[in-house]
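Try each task on your own before reading its solution.

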Amino acid sequence: MDEELLELQRQLESAQQAKSSIRLSERNVVELVQKLQLLHIIDFDLLHTVSGKEYITPEQLRVEIVKEIEKLGRLSLIDLADCVGVDLYHVEKQAQVVVDNDSLLMLINGEIISDWYWNNVCEEINDRLQECSQIALAEIAAQYQVGSELLVTVLEPRLGSKVKGRLEGGQLYTPAYVARVNAMVRGAARAITVPMNLSALWSSLQVLLQEMDGASGVAVEGSFFQSMFNGLVKEGQVLGSVRAGVHWTPSVFAIAQKECVDSFFSQNSVVSYEALHKLGISQPVQFLQSRYPEGIPLVTLFVHPSTIEMLDSAVEDVIDRGSWIDSLSVLPTSFSSQDANKMLSLCPSIQTALKANKALILGDSYVFSTGFVKDLYERMEKDLDNISLSGHTDDPHVTKVAKLGQEANSNLDINDTSSESGSNKQSADRGSRKKKGKTNTNTKNSASDNILDDQDPAPAKSKKNQRKGKGTSSSQGSDPKSSKIKDETRGMFSEEDLCQKITEIVPDFEDQAVDPETVLVPLASHLRPMLLNAWNERKKASFTDNTQKIKRVLDNLQKKLDESSLNLQLYEKSLELFEDNPTTLTLLHRHLLRTAAAPMVDMLLSNMDMLNKLRNGADVQDFDNTEFISLSSGDRITLAKNFEGPLSVKANAVVETLEGKSVEAYMTALRAFADECGLTVKKLDKKLERTLLHSYRKDLSAQVSAETDPVAILPKVVSLLYIQFYSRALQAPGRAISVAIFKLKDKLDDSAYKTLEEYRAATVTLLQLISAATGDEEDCTSDRTSSKKELLERLMPTLKGLVARPSQ
């Protein structure tokens with residue numbers, strides 16, 4: 001057998017040494033291998049090396065990887081690829097297979113590490129730890145170039161065996177070092193006698209350790225101290241309680257707390273939460289209830305039931321006597337008003353009295369018997385009229401209006417009232433009055449603008465029997481609504497006035513120096529609705545008395561409104577004649593608004609204001625004397641704003657139209673305002689127009705016949721001529737007289753027109769002389785003034801004859 005093997009070896013050697021006649025290139029070999037793989041003759045994987053001149057199987061690659069790991073224990077995959085000469089991709093793939101098949105290997109961060117490598121590392125760490133007593137985990141991780149988390153997972157199972165130490169808070173400590181720190185924690189904890197934050201204690205121990213270890217010492221984390229402390233508390237070596245993990249309360253302090261609270265509560269039967277907070281008890285209510293189940297917690301205090309019994313007896317005596325008491329005067333000084341209020345709610349006598357309506361609690365701590373409050377109300381109700389009523393006082397504006405009404409005849413403005421008066425004496429006075437200071441006289445017409453502006457004939461009176469508006473008296477004046485009463489009484493009986501009145505009736509409040517905000521104000525607020533009800537009852541009685549007055553005012557107001565509005569509509573008809581002259585038309589509109597519309601608005605506003613007072617129960621004496629009240633623009637706006645709701649809006653609209661240029665706009669606003677007031681504005685029809693025009697002509701004729709003032713007669717004559725020729729009642733200011741006379745040119749003969757124009761020119765000249773007369777010029781102009789007066793007096797009979805002459 002041996003001879004056969006030797007023979008075969010010689011044949012093999014000779015075959016190897018024999019030179020082949022056919023040589024294959026590297027390319028042919030590669031193609032041959034590929035062909036064999038294609039024919040499945042080679043049915044296993046082959047891997048190329050990096051040089052490309054060798055093939056290696058995956059099994060062989062894994063064998064070589066294991067050999068390299070056994071040599072070093074820790075190997076990077078990149079270094080491994082260089083060692084075996086295979087691409088990194090194949091190395092990573094086969095390395096993963098190797099690690100999966102061997103539990104003692106791990107593949108982390110591109111490195112394969114064996115278990116015996118970690119054992120060697122732990123032995124090195126242990127040797128160093130025994131030398132230094134403490135090592136930072138971060139330092140070890142940096143030395144071995146691994147992550148801290150990986151290092152912890154490796155060290156934890158080897159602590160106590162390979163590594164003789166303790167891992168805490170990222171630090172490794174020897175048992176001796178742990179024992180020393182544990183002794184420091186135990187000593188510091190036992191030295192504490194008051195509640196303390198453990199974080200501050202650990203900071204102090206850290207500073208102490210750094211001083212002991214010097215520059216080589218490692219900073220100890222607070223969690224290391226805390227874990228040791230928790231162990232000591234669990235073993236009972238340190239007595240106390242920990243709250244929220246860091247708030248330490250020693251047992252000696254807790255015992256002292258309880259003894260202090262027990263002593264104070266047993267002596268006083270009351271203890272404040274603030275005192276317990278000062279003792280370090282963070283939840284005083286729970287603490288007290290657990291120790292004294294029979295106690296009663298209040299807002300700021302904890303009391304014994306005996307305190308309630310004491311207060312109950314005092315309050316019961318006050319209710320029986322029909323008096324009042326401040327519960328704070330009976331209770332200890334530490335009680336607040338809120339505590340007293342809760343104490344009162346717990347008193348049986350108070351509960352019974354409140355249910356029976358025999359007592360009243362005001363200002364948290366004050367108890368009033370119902371009898372005392374009733375007696376106080378009756379005394380105040382008797383003196384109700386003397387209590388200041390902010391809503392019942394007279395309006396100063398109304399007082400002003402009343403004065404204006406009384407002095408109307410003497411203070412009428414010359415420009416606003418001449419058309420109303422019809423008095424010869426007043427016209428003469430205006431014509432003869434001298435004005436100081438020179439005025440500009442650009443034209444003859446401008447001179448007459450200043451003086452003749454309101455020399456108008458008096459308006460005619462309308463019929464007295466006019467139809468009244470529906471529902472103007474009975475529906476509005478007899479039965480006021482309760483909602484209005486509430487609105488009106490909202491500002492009455494101020495707290496200050498009621499408090500002052502209560503102090504006058506009960507001097508004890510002032511003698512005992514009670515706080516008005518806590519006693520008098522609540523008592524006044526309680527009495528105010530009762531006093532308002534009493535005042536409203538009196539007011540309702542006055543409403544009944546004022547019903548007839550309201551009806552009379554409404555009837556008179558409707559009559560006056562009919563008369564004024566019909567006259568205004570009559571004068572408005574004449575404006576149609578001047579539509580071809582816009583400037584004059586504007587003057588006529590403004591003149592009518594100023595002389596006829598303004599008094600109508602003044603009458604309505606003052607009467608509606610009076611009606612409101614009567615409806616509110618006010619005692620208005622001269623309610624019929626409102627005929628001559630003249631208001632300024634500001635007074636009208638003030639009165640309009642005093643009305644409520646839509647009435648105020650429409651009143652303001654009427655007042656605004658007085659400053660406009662359109663009588664038609666005024667009439668529209670007037671009808672809306674009158675409708676809101678429950679009145680009607682009667683419309684002028686043909687029949688009424690003829691009647692009013694006839695009355696107006698008759699009145700003007702009488703005034704012209706009796707007129708002696710040469711200045712005042714001109715506008716009246718012009719108005720009569722317009723009635724004769726145009727059947728229109730003209731109300732023209734002085735600035736429009738010249739235009740009005742010019743429109744009569746076609747209606748009069750030449751002599752009559754010449755006389756009228758001559759009279760107008762003379763009147764203008766006379767008025768200019770009167771206006772320009774000042775000081776030294778007075779003597780030189782008096783002769784010219786006299787001559788002009790004589791001229792006018794000579795022409796007056798001729799002028800009066802014009803209105804008596806029949807029309808052409």
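**Exercise 1. A lysine and its surroundings**

Is Lys-258 buried, partly exposed or exposed, and what is its relative accessible area?

Solution. A word on the ground rules comes before the steps. This is a predicted model, in which local features need pLDDT of at least 70 and side-chain atom pairs count only at pLDDT 80 or more, while totals for chains, interfaces and linings use all residues. Residues are numbered from 1 along each chain as its sequence is written, and side-chain values use heavy atoms, with hydrogens and water left out.

Step 1: the relative accessible area of Lys-258 is 36%, so Lys-258 is partly exposed. Buried means under 20% relative accessible area, exposed means over 50%, and partly exposed lies in between, with a 1.4 Å probe and protein chains only.

Step 2: Lys-258 sits in helix 12 (residues 251-268). Helices (H or I, at least four residues) and strands (E, at least two) are DSSP runs, numbered from the N terminus.

Step 3: leaving out residues up to four places away in sequence, Lys-258 touches Phe-287 and Arg-291. Contact here means heavy atoms within 4.5 Å.

Step 4: Leu-279 is 21 residues from Lys-258 in sequence, and their C-alpha atoms are 9.7 Å apart.

**Exercise 2. What covers helix 8?**

Which residues of helix 8 are buried, and what covers them?

Solution. Step 1: in helix 8 (residues 148-155), the buried residues include Leu-150, Leu-151, Val-154 and Leu-155. Their arc around the axis is only 130°, which puts them on the same side of helix 8.

Step 1: Glu-149 and Thr-153 are exposed on the other side of helix 8.

Step 2: the cover over the buried residues of helix 8 includes strand 4 (105-108), helix 6 (115-132), helix 7 (137-144) and strand 8 (171-173).

**Exercise 3. A serine in helix 30**

Find the backbone oxygen that the side chain of Ser-648 reaches, and give the distance.

Solution. Step 1: Ser-648 is found in helix 30, and at 11% relative accessibility Ser-648 counts as buried.

Step 1: the side chain of Ser-648 reaches the backbone oxygen of Ala-640 at 2.9 Å.

Step 2: beyond its neighbours within four places in sequence, Ser-648 is in contact with Ala-640, Lys-641 and Phe-643.

Step 3: zooming out, the buried residues of helix 30 pack against helix 28 (582-615), helix 29 (633-642) and helix 31 (663-677).

**Exercise 4. Aromatic rings**

How many aromatic pairs are there, and what is the geometry of Phe-229 and Trp-248?

Solution. Step 1: rings of Phe, Tyr and Trp (its six-membered ring) pair if their centres lie within 6.5 Å; planes under 30 degrees apart count as stacked, over 60 as edge-to-face and the rest as tilted. By this rule the count is ten aromatic pairs.

Step 1: the ring centres of Phe-229 and Trp-248 are 4.9 Å apart and the planes stand at 90°, so the pair is edge-to-face.

Step 2: Phe-229 lies in helix 11 (residues 222-235) and Trp-248 in strand 11 (residues 247-250), so the pair ties together parts that are 19 residues apart in sequence. Phe-229 and Trp-248 are both buried.

Step 3: ring pairs also link Trp-324, Tyr-366, Phe-368 and Phe-372 into a cluster.

Conventions
A polar contact is a pair of N or O atoms within 3.5 Å; within protein, one must be able to donate a hydrogen and the other to accept it, and residues adjacent in sequence count only if both atoms are side-chain atoms. The arc is that of the directions from the helix axis to the C-beta atoms.
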